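Please read these points with the model open beside you. They go through it place by place.

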Amino acid sequence: PPISLKESFKNDFYIGTALSRSQINQSNSKTTALLEKEFNAITPENDMKWEQIHPQKDTFFFDVADKYVALGEKHNMHIIGHTLVWHSQLAPWMQEVKDSLTMAQYIETHINTIVKRYKGKIHTWDVVNEALNEDGSFRTSNFYEVMGEDFIALAFKLAAKADPDAKLVYNDYNLWKPEKRAGVVKLVKNLQAQGIKIDGVGMQAHWSLEGPTLEDIENSILAYAALGVKVSFTELDVTVLPNPWDLDGAAVEQSYAQFEGDPKMNPYPVALTDAAQMQLAKRYEDIFKLFLKHKDKIERVTFWGVNDGQTWLNNWPINGRTNHPLLFDRNFEPKKAYHTVLALK
Ligand code: XIL
């Protein structure tokens, strides 16, 4: 019988997890045990983002990133770099650049410095993150306002030059949406038409019990694979908590904070009910069945966190909830969903 996620799916796709700063810095024996046993790929949850790794124009901070890469090498893992160019968690000094030549130079320094440092060690880069709106048009970030869509081609070109062997990915959320899917297809084709290397599309996969539909996910897998790039699920988690947007869209636009502490928003403060465990297991079963059906098109499935105790969804989009979106619970024990996923093999 299969003994771990990475063993079970070793002929199908990598099984990854995101690591937080404290997980990189300290060795918690339970985290380390799960990491070694279950996963063969890692992504840094925050520590390679621009504000962390390049906080000032002439200052790079590599301490945590170096430890992260060393950890991956020690365990012989597929190591992901996340992420080179993103409007969010961007260093404030970069946010203020308003001249396109200057911006291009800073992007060049950023990408060259980081990608060359980890050349041959980081196997896959999320080169550009979240450049599109929900309707598939370009997001009006500072990058876009100053350089137009050229910043995307520039980033991919520079990354390919800095490490010709690294796999280069465009990463974004809600890529199951038909309009956003079409935007990504256009983006990839546009790079390919210019002879610029792009190896994959990363679908973040912050999903819920209800959605997206398997059909929408499948249609995106097929659309991206048809371009000759691999698909990865880069940030998989399945929230079991109510979405504030669904309750009161208008009020939420003003502030999520008003929902903090509302018991309706936190229905499982201690543990999931048996019924909810079953629902989560069924959802993961459906998702992994779909992944297996398309394993020839899928490079990697990465969970956004090791266990429920440290998932970002305990604090997003509102603070202080008790979410249960992963395969391992707060005691590092496998949940029903874990066994259901393993039973597929
Ligand atoms: C999240 C981290 O998990 C949080 O710790 C941080 O506070 C905010 O960012 N899309 C991405 C990830 O590409 O980098 C984000 O990670 C989640 C959404």
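**Notes on the model**

1. H110 is buried, as 21 other C-beta atoms lie within 10 Å. The cut-offs are these: buried means 20 or more other C-beta atoms within 10 Å of a residue's own, exposed means 12 or fewer, and partly exposed is in between, with C-beta atoms placed from the backbone. H110 lies in helix α7. Leaving aside neighbours within four places in sequence, H110 is in contact with H54 and L84. Contact means that the C-beta atoms of two residues, placed from the backbone, lie within 7 Å. H110 and K57 are 53 residues apart in sequence, and their C-alpha atoms are 9.2 Å apart in space.

2. A word on the basis of these points. This is a predicted model, in which local features need pLDDT of at least 70 and side-chain atom pairs count only at pLDDT 80 or more, while totals for chains, interfaces and linings use all residues. Residues are numbered from 1 along each chain as its sequence is written. Helices (H or I, at least four residues) and strands (E, at least two) are DSSP runs, numbered from the N terminus.

3. Stay with α7. Two packed helices are described by the angle between their axes and the distance between the axes. Helix α7 covers residues 100-117 and helix α9 covers residues 150-162. Their axes come within 9 Å and cross at roughly 30°. Axes here are lines fitted to C-alpha atoms, for helices over the stretch in contact, and angles run from 0 to 180 degrees between N-to-C directions. α7 and α9 are therefore roughly parallel to each other. Angles under 35 degrees count as roughly parallel, over 145 as roughly antiparallel, 65 to 115 as roughly perpendicular and the rest as oblique.

4. Which residues of α7 and α9 meet? From α7 come A104, I107, E108, I111, N112, V115 and K116. From α9 come F151, L154, A155, L158, A159 and A162. By class, this contact of α7 with α9 has ten nonpolar, one polar and two charged residues. Ala, Val, Leu, Ile, Met, Phe, Trp, Tyr, Cys and Pro count as nonpolar; Asp, Glu, Lys and Arg count as charged; the others, Gly among them, count as polar.

5. Now the ligand. Which residues surround the ligand? They are E45, N46, N129, Q204, E235 and W312. A residue is near a molecule if its C-beta atom, placed from the backbone, lies within 6 Å of it. By class, the shell around the ligand has one nonpolar, three polar and two charged residues.

6. Check the backbone next. Most residues other than glycine have a negative phi, and most peptide bonds are trans. N76 has a positive phi of about 60° although it is not a glycine. N76 lies in the loop between α5 (63-74) and β3. Is N76 buried or exposed? N76 counts as exposed, with 8 C-beta neighbours inside 10 Å. A205 also is not a glycine, and its phi is positive, about 70°. A205 sits in the loop between β6 (200-203) and β7. A205 is buried, with 23 other C-beta atoms within 10 Å.

7. Two peptide bonds deserve a look. The bond from H82 to T83 is cis, with omega near 0°. T83 is found in strand β3 (residues 78-86). The bond from G211 to P212 is cis, with omega near 0°. P212 has its place in the loop between β7 (206-208) and α11.

8. V64 is in helix α5. V64 counts as partly exposed, with 18 C-beta neighbours inside 10 Å. Not counting residues up to four places away in sequence, V64 touches R21, I24, N25 and D47. V64 and H82 are 18 residues apart in sequence, and 13 Å apart in space from C-alpha to C-alpha.

9. Two further helix residues remain. K336 is found in helix α14 (residues 336-342). K336 is partly exposed, with 19 other C-beta atoms within 10 Å. K336 touches Q277, M278 and A281, not counting residues up to four places away in sequence. E215 is in helix α11 (residues 214-225). E215 is exposed, with 10 other C-beta atoms within 10 Å. E215 and A155 are 60 residues apart along the chain, and 32 Å separates their C-alpha atoms.
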